[in-house]
Amino acid sequence: MTPLESIPEKLGTTESWTDKGGVHWLALEAAKVRELAKAMNEIRARFITITAYQLPKDEGFRLEYHWDLNGQLLGFSFQLAGKSIESIFDFTEAADWIEREIHEEYGIDFTGREYEPLLLRQGETMGVNLRDAVAAIKEKI
Amino acid sequence: MSYKIPMGPYHPALEEPYKLDMICEGETVLDAKLHIGFNFRGIEHLAETRNHIQAIALMERVCGICSFIHTLTFCRAMEGLTDQTPPPRAQYIRVIMAELERLHSHVLWAGIAAKLMGFKTMFMTCFEIREKVMDILAAISGNRVNYSMNRIGGVNRDITDPQSILKMVEALEGEMARTVIPIFTTSRTARSRCAGIGVLTMEQAIACAVVGPVARASGLPQDLRKDAPYAAYPEMEFDVPVQPDGDVRARLLVRALEIMESCKILRQALAKLPPGEFHTGDDKFNFITGTSTARVEAPRGEVMYSVSWKEGSRNPARVHVRTPTFAVMPAIRWMVKGARLADTPLIQASIDPCYSCTDR
């Protein structure tokens, strides 16, 4: 069994990998994000980034996590029920900055960690959805 | 007793803003905290208000040195949403431009590193060579910095006389082999200023998920041109220089050796440039609904773009850019821990940081 094939079993999912646009995707529940980070560490996959998507109307957010495994791009998409998901920072140090950036830009809370300002300055309000804030300012103008 | 030294947001070596708060005891750095975002431009958000042509021009401004790489990655992602495959000649031209940009970036960095080492004549030599690289880039694209070369389905300009470009590359390679490479690989000054300082061990490099020359200088043989080849890279023969020591000297050596590998790739690509069209000829595209992801090995390491589009829309729904410096910069904290205060400007510069990319 290759490291890639072992992942669904490690995460206790019956889903299998699907290939789309050069990315291997695996569907998972958001509750599995920490198990995923551990599993990625075990197979020595390299963390790349998290991409946040604000869904239309009040559908919330989608987060896409990407890792690299010897040149193969692995993708995991999580639909957030609310505005929070567990942080993987304690397993994946490389996720620190991107979790902080998403928290500052979208107001998404990565639970179980502390925040220090990254793009914002000390004393500025953090955890606000800047996208909504910009839209509100545009409406006023 | 420990005390805090704030370095920045105006960096002592580079004219771009970020801040490093260092906790020191005597002349030794105990810990450090990084602050970015002083010039954050919101380019990802701006891209959502631009059509595909305008967005390419915008993405060219993410980085002042890797402008070609950013549009290449962005166009490759959009090609995934428009079902476009660039013709072979375009793939070769993309490799040629990407390698010239790598030369430009590495030689510029070598000049700055030389200046920080107190090696000012070397700084001038490097910048003279850099001018020649920019001359080649201008000869191909008509521009020195923002090349406007990439489009969906190929490139905007052809290389009509590859032999003249090849001559320029060979002259450049000879000059670098005579001056820059021997000095950086053998000189006592370079060794004494760089060996054993700013160490990032392989374990730390894995934990921080660093990319590019910084990763390769810590013993990690990762390079997307080999691991996930794109454009015409599958047809190129080259080596990926790796050094095990993880110090500033290892980063210097990796980049010096990469300069020679880039010249090797350039010679092959120019000699084998296939005939035919250099773009698909389409200028109206039907974007499908979905997200497309593309990665490219920039001079500083992996760049990744995720581009989302809704069918019928003029603008992208979302563009996310993960730049190499954003991945590498947090590792500075580990590199400066235990270092002498006087070495920290060189250690910071050794990752070849791009604040423009970081504050995209």
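Residues are numbered from 1 along each chain as its sequence is written, and chains are lettered from A, with ligands numbered from 1, in the order in which they are written. Because the model is predicted, local features need pLDDT of at least 70 and side-chain atom pairs count only at pLDDT 80 or more, whereas totals for chains, interfaces and linings use all residues.

In chain A, strand 3 (46–54) is joined to strand 4 of chain A by 8 bridges, and the two run antiparallel; helices (H or I, at least four residues) and strands (E, at least two) are DSSP runs numbered from the N terminus, and two strands pair if DSSP finds at least two bridges between them. Within this pairing, Phe47(A) is placed opposite Trp67(A) of strand 4 of chain A. The hairpin of strands 3 and 4 of chain A has 6 residues between the strands, and Lys57(A) takes a positive phi near 55° there. Strand 4 (residues 61–69) of chain A is mostly covered, with 7 of its 9 residues buried (a residue is buried if 20 or more other C-beta atoms, placed from the backbone, lie within 10 Å of its own, exposed if 12 or fewer, and partly exposed in between). Strand 4 of chain A is also joined by 9 bridges to strand 5 (residues 72–80) of chain A, again with antiparallel direction, and Tyr65(A) stands opposite Phe76(A) in strand 5 of chain A. In the hairpin of strands 4 and 5 of chain A, which has 2 residues between the strands, Asn70(A) takes a positive phi near 50°.

Between the chains, 20 residues of chain A are in contact with 22 residues of chain B, contact being assigned if the C-beta atoms of two residues, placed from the backbone, lie within 7 Å. Strand 3 and helix 3 (96–106) of chain A each supply at least two residues of the side of chain A that touches chain B, and the largest share of that side, 6 residues, comes from strand 3 of chain A.

Chain B holds an open sheet of 3 strands in the order 1-2-3, with antiparallel pairing. Strand 1 (2–7) and strand 3 (28–35) of chain B stand at the edges with a single partner strand each, so one side of each is left without a neighbour in the sheet. Strand 1 of chain B is joined by 6 bridges to strand 2 (residues 19–25) of chain B, and Ser2(B) stands opposite Glu25(B) in strand 2 of chain B.

Two helix pairs of chain B were also examined. The axes of helix 2 (residues 52–59) and helix 3 (residues 67–82) of chain B come within 8 Å and cross at roughly 150°, where axes are lines fitted to C-alpha atoms, for helices over the stretch in contact, and angles run from 0 to 180 degrees between N-to-C directions. That makes helix 2 of chain B roughly antiparallel to helix 3 of chain B (angles under 35 degrees count as roughly parallel, over 145 as roughly antiparallel, 65 to 115 as roughly perpendicular and the rest as oblique). In this contact, His52(B), Ile56(B) and Met59(B) of helix 2 meet residues of helix 3 including Phe74(B) and Met78(B). Helix 4 (residues 88–116) and helix 5 (residues 120–141) of chain B pack at an angle of about 160°, with their axes 8 Å apart, and helix 4 of chain B is therefore roughly antiparallel to helix 5 of chain B.
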